[in-house]
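Dear colleague,

I am handing over a structure that I would like you to look at, and my notes on it follow directly below.

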Amino acid sequence: MQPNRLTPVIIGAIIMIVVSVLPFLNMLCCIGIPLGGFLGVSNFFKQTQKLNTPFESKDGMLIGLFSGILAGIFVAGINLMFTLFTHINPINDMLDLFAQMKLSIDPGVENYMNKLSAEYNDRGFSPTLTIFQLITNIIFYPLFGMIGAMIGVSIFKKRINKPII
């Protein structure tokens, strides 16, 4: 019997999603994404021990990769839904903050920010920023998920190779 690889992927993705979207926890995003990969690998390691099957590094890497892809897509979708329901225009808020702090913005950057703000005002969200977030999530979530998973693999491989006294 083979261990189930889907459950660790889902566990890892859920941890990544929860840490990324919940207020105050999202400040730990740099820790939460690798933690999701690590905990997914931890679940897979427990399965391999129960079934007495080999625990391989490639399994851990794939768990981190697929957890990150799944979480990146869901986080982008959740953020889009949040934006649509709250009608918040973060670009206007950012421009107001810059004005209050008396910070000058390059005219080209300000022009681009005004275009993004117009997208929010016209559609209720910015397709440009949504696509940008989705692309960056699909790059960074799997990358950091694999880092956490590989840390887990190195820790759990040591447990396997540890001599019994």
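Helices, as the word is used here, are DSSP runs of H or I with at least four residues, numbered from the N terminus. Please bear in mind throughout that this is a predicted model.

With that numbering, the loop between helix 3 and helix 4 (90–100) is where His87 is found, and the phi of His87 is near 60 degrees, a positive value in a residue other than glycine. At 64% relative accessibility His87 counts as exposed. A second case is Lys102, in the loop between helix 4 and helix 5 (107–123), which has a positive phi of about 60 degrees although it is not a glycine. Lys102 is likewise exposed, and its relative accessible area is 73%. As background to both cases, most residues other than glycine have a negative phi.

Turning to charged side chains, the count of salt bridges comes to 1. It joins the side chains of Asp59 and Arg5, with a distance of 3.2 Å from N to O, and this pair links distant parts of the chain, since Asp59 lies in helix 3 and Arg5 in the segment before helix 1, 54 residues apart. Are the two partners buried or exposed, or something in between? Asp59 counts as buried, because its relative accessibility of 6% falls under the 20% cut-off, whereas Arg5 is partly exposed, with a relative accessible area of 37%.

The nonpolar surface is the next point. A nonpolar patch of about 710 Å² is made by Leu6, Ile10, Ile14, Val18, Leu22, Leu25, Leu70, Phe74 and Ile78. Two elements, helix 1 (6–21) and helix 3 (57–86), each give two or more residues to this patch, and helix 1 provides the largest share, with 4 residues. One of the patch residues, Ile10, lies in helix 1 and is partly exposed, because its relative accessible area of 35% lies between the 20% and 50% cut-offs.

Helix 3 also takes part in the largest pocket, where helix 3 and helix 6 (127–161) each supply at least two residues of the lining. The volume of this pocket is about 360 Å³, and of the 16 residues that line it, Asn79, Leu80, Phe82, Thr83 and Gln133 are the closest to its centre. Which element gives the most to that lining? Helix 3 does, with 6 residues. What is the make-up of the lining by class? There are 10 nonpolar and 6 polar residues in the lining of the largest pocket, and no charged ones.

Ile69 is found in helix 3 and is partly exposed, with a relative accessible area of 29%.

With best wishes

Note on methods: Residues numbered from 1 in each chain as written. Predicted model: local features only at pLDDT ≥ 70, side-chain atom pairs only at ≥ 80, totals over all residues. Heavy atoms only, no water. Patch = residues over 30% accessible without salt bridge, like charges linked within 9 Å, V, L, I, M, F, W, Y side chains within 5 Å. Areas by Shrake-Rupley, 256 points an atom, 1.4 Å probe, with all protein chains shown as cover. Salt bridge = Lys/Arg side-chain N within 4 Å of Asp/Glu carboxyl O. Buried < 20%, exposed > 50% of the residue type's maximum accessible area, 1.4 Å probe, protein only. 1 Å grid on protein atoms, 1.4 Å probe; cavity = no way out; pocket = protein on both sides within 12 Å on 5 of 7 lines; lining within 4 Å. Points joined across faces, edges and corners; volume = space filled by probe spheres on them. Nonpolar A, V, L, I, M, F, W, Y, C, P; charged D, E, K, R; others polar.
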